[in-house]
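Open the model in your viewer and keep the selection tool ready. The stops below run from the whole chain down to single residues.

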Amino acid sequence: MSPGLKRARAPYRIRNAITGVAIGAFAAGVWWYSMRAVNQDVFDDVDEQAKALAEERARNARETTVVAAAGDPIPVIPPSLAPSPAPRGLLARYLDSRFPGLLDPRTKTFVWGAPPVDRVGRIGDPPSHA
């Protein structure tokens with residue numbers, strides 16, 4: 001680095017250092033706050049919810065067959081195995097053909113579990129699983 005460039009940068013050296021420290025302190029503060037907020041969560045009920053979900057899935061698996069009037073069982077296709085809709089739009093069709101596991105298999109959208117944009121709703125609405 002030339003002496004002229006060093007002289008030209010000298011007045012900004014302290015200002016740049018203060019700015020760098022301020023940005024670093026802000027990033028460290030956001031990280032600290034996030035860790036502290038997550039640390040306050042209690043995950044004691046996760047095991048109970050997992051057991052309840054497993055029992056519900058087992059109960060639903062037993063109820064997937066319906067007996068017709070003649071006595072022959074008619075298999076009922078659970079919603080998870082129902083044929084998925086065709087992807088809408090050029091990019092979604094390309095991505096679905098090129099990378100089959102990339103799109104949500106239920107809605108064929110890029111964001112897994114995203115609600116349909118046809119009915120956005122409000123923040124307080126319960127999630128709909130269409």
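**Whole chain**

Start with everything selected: the chain exposes about 11800 Å², and carbon and sulfur atoms supply 63% of that area. Accessible areas come from the Shrake-Rupley method with a 1.4 Å probe, and for residues only the protein chains shown count as cover.

This is a predicted model: local features need pLDDT of at least 70, side-chain atom pairs count only at pLDDT 80 or more, and totals for chains, interfaces and linings use all residues. Residues are numbered from 1 along each chain as its sequence is written, and side-chain values use heavy atoms, with hydrogens and water left out.

Of the 130 residues of the chain, 5% count as buried. Buried means under 20% relative accessible area, exposed over 50%, and partly exposed in between (1.4 Å probe, protein chains only).

**Colour by confidence**

pLDDT is the predictor's confidence in each residue, from 0 to 100. The chain's mean is 78, and 72% of its residues reach 70 or more. Where pLDDT is low, the predicted coordinates should not be read in detail.

**Switch to cartoon**

Count three helices and two strands. Along the sequence they follow the pattern α-α-β-β-α. Helices (H or I, at least four residues) and strands (E, at least two) are DSSP runs, numbered from the N terminus.

**Select 12-33**

UniProt lists these residues, 12-33, as "transmembrane region" in an unreviewed entry. Such annotations may be inferred rather than shown by experiment. The span is 100% helix and 0% strand, and its end C-alpha atoms lie 31 Å apart.

Asp96 sits in helix α3. Its relative accessibility is 18%, so Asp96 counts as buried. Beyond neighbours within four places in sequence, Asp96 contacts Pro87, Leu103 and Lys108. Contact means heavy atoms within 4.5 Å.

Asp104 is in the segment after α3. Asp104 counts as buried because its relative accessibility is 5%. Residues up to four places away aside, Asp104 touches Thr109, Trp112 and Gly113.

**Finish on the surface patch**

Which residues form the nonpolar patch on the surface? Select Leu91, Tyr94, Phe99, Leu102, Phe110 and Val111; together they have about 620 Å² of accessible area. Like charges are joined within 9 Å, nonpolar side chains (Val, Leu, Ile, Met, Phe, Trp, Tyr) within 5 Å.

Zoom in on Phe99, in the segment after α3 (90-98). Its relative accessibility is 43%, so Phe99 counts as partly exposed.

Key. Patch = residues over 30% accessible without salt bridge, like charges linked within 9 Å, V, L, I, M, F, W, Y side chains within 5 Å. Salt bridge = Lys/Arg side-chain N within 4 Å of Asp/Glu carboxyl O.
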